Amino acid sequence: MVVIDEYLAVRVLGGSWPKGLPDDELVLPASRHWRLLQRVHAPGGGQLSQLLAALPGGDLDVVRHPHPEVLQVLDPRPLLDDAAAIAAHYGAGGLLIAETLAAGLAQGRQLWFGSERNVGRALSRIADDLGIAVHVVT
Amino acid sequence: MEAMSIGEDLLDQRRRRRRAGDPRLSPAGRELFARMTSGDLAEEFQASLDDIVVADPLLGGHTVDDDA
């Protein structure tokens, strides 16, 4: 399984498979799915939110309940203890970073992102220390 | 030419479905998803992801003051 971020999740749901992304089953950490769901259920006032709100009825269901053959959301329960240990050890208290790193550790020591900016310095530094390869494909 | 085994055939069908994206999505949705992730709306998409982390202490982490 390949652990991906929100960018790659949205891209593959839309049928745009990035060059370089391994041809394997894709999984999204639950906290990253939560971030996407926040934008769906609590839209802001920007252009993106307006365009999302104007989509045909079932389109946002694709994000709310991803098709399991395209994208699966990782069960966070088996990852929580590792995530808490990582957060405590590195002082990276947020669930987003800690759960993503725990998922990457459990799934072949690799993480895949669709944007350099979405990686972040803290995640990059800790991943390096944990021996997790961080790949960015655009 | 060797015939594809049933196992290989099923895996190939699964691979094709995975790469095709979610079949429920409309053409307008596909276009917007592309704009969000690699087009003119990518900056706003990233800003919205960043905002959610800042607004949610569980997600983004925070300092716990036990004396408060």
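Chain B has 4 helices and 0 strands, where helices are DSSP runs of H or I of at least four residues and strands are runs of E of at least two, numbered from the N terminus. This is a predicted model, in which local features need pLDDT of at least 70 and side-chain atom pairs count only at pLDDT 80 or more, while totals for chains, interfaces and linings use all residues. Residues are numbered from 1 along each chain as its sequence is written, with chains lettered from A and ligands numbered from 1 in the order in which they are written.

From the N terminus the order in chain B is α-α-α-α. Of its 68 residues, 21% are buried, meaning 20 or more other C-beta atoms within 10 Å of a residue's own; exposed means 12 or fewer, partly exposed in between, with C-beta atoms placed from the backbone.

Now H3(B), residues 42-55. Which of its residues are buried? They are B:Phe45, B:Ser48, B:Leu49 and B:Ile52.

The buried residues of H3(B) pack against H1, H2 and H3 of chain A, and against H2 and H4 of chain B. Contact here means C-beta atoms, placed from the backbone, within 7 Å.

Between the chains, the contact takes 40 residues from chain A and 33 from chain B. On the chain A side, H1(A) gives the most, with 6 residues.

Note on methods:
Contact = placed C-beta atoms within 7 Å.
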